[in-house]
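Reader: Hello! I would like to go through this model with you, one question at a time. Please show it first.

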Amino acid sequence: MRFDISEDPSGNWFWTLSDDRSGALMCSSVRFRTQVQAYADIAAFKASVSGAGVSVGPKASRSRAGGGQLGLL
């Protein structure tokens with residue numbers, strides 16, 4: 001996976017998260033005035049998702065063993 005920073009035709013910057021199998025997976029929802037601001041947003045995004053949990057199945061199954069989270073990740 002990789003983040004690509006690009007400039008749009010109006011001179012604003014944005015990032016795209018891509019992988020080799022699927023291509024583009026996500027694109028920043030905001031356009032930035034500078035490339036540095038786009039890079040800073042990538043850093044903030046990476047920090048916010050680094051501790052994200054994984055929920056599996058409908059809400060009823062979350063009370064079972066494992067609390068509805070995969071222990072493999």
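Author: Gladly, and here is a definition to begin with: a residue is buried under 20% relative accessible area, exposed over 50% and partly exposed in between (1.4 Å probe, protein chains only). This is a predicted model, in which local features need pLDDT of at least 70 and side-chain atom pairs count only at pLDDT 80 or more, whereas totals for chains, interfaces and linings use all residues. Residues are numbered from 1 along each chain as its sequence is written, and side-chain values use heavy atoms, leaving out hydrogens and water.

Reader: Good to know. What is the mean pLDDT of the chain?

Author: pLDDT is the predictor's confidence in each residue, from 0 to 100. Where pLDDT is low, the predicted coordinates should not be read in detail. Here 81% of the residues reach 70 or more, and the mean of the chain is 84.

Reader: In what order do the elements run from the N terminus on?

Author: Helices (H or I, at least four residues) and strands (E, at least two) are DSSP runs, numbered from the N terminus. The chain has 1 helix and 3 strands. From the N terminus on, the order is β-β-β-α.

Reader: Which element has the highest mean pLDDT?

Author: Among the elements, the lowest mean pLDDT, 90, belongs to β3. The highest, 95, is that of β1.

Reader: On to the charges. How many salt bridges does the structure hold?

Author: A salt bridge is a side-chain nitrogen of Lys or Arg within 4 Å of a carboxyl oxygen of Asp or Glu. By that rule, the number in the structure is 3.

Reader: Which residues are linked in a network of salt bridges?

Author: D4 and R2 meet through their side chains in a salt bridge at 3.3 Å, N to O. D4 is partly exposed at 27% relative accessibility. A network of salt bridges links R2, D4 and D20.

Reader: How many residues apart in sequence are the parts that D20 and R2 tie together?

Author: The salt bridge between the side chains of D20 and R2 spans 3.5 Å, N to O. D20 sits in the loop between β2 and β3 (23–27) and R2 in strand β1 (residues 2–7), so the distance in sequence between the parts they tie together is 18 residues. As for surface, D20 is exposed at 76% relative accessibility, while R2 is partly exposed at 41%. The answer to your question is thus 18.

Reader: D8 and R31 also meet in a salt bridge; how far apart in sequence are the parts this pair ties together?

Author: D8 counts as buried at 16% relative accessibility, whereas R31 is partly exposed at 40%. Their salt bridge is 3.7 Å, N to O. D8 lies in the loop between β1 and β2 and R31 in the loop between β3 and α1 (35–49), so the parts they tie together are apart in sequence by 23 residues.

Reader: Which side chain of opposite charge is nearest to D19?

Author: Lys and Arg count as positive and Asp and Glu as negative, with His and the chain ends not counted. D19 lies in strand β2 (residues 13–19) and is buried yet has no salt bridge. At 4.2 Å, the nearest side chain of opposite charge is that of R21.

Reader: At what distance does the side chain of D19 reach the backbone nitrogen of R21?

Author: R21 has its place in the loop between β2 and β3 and is exposed at 78% relative accessibility. A polar contact is a pair of N or O atoms within 3.5 Å; within protein, one must be able to donate a hydrogen and the other to accept it, and residues adjacent in sequence count only if both atoms are side-chain atoms. The side chain of D19 reaches the backbone nitrogen of R21 at 3.3 Å.
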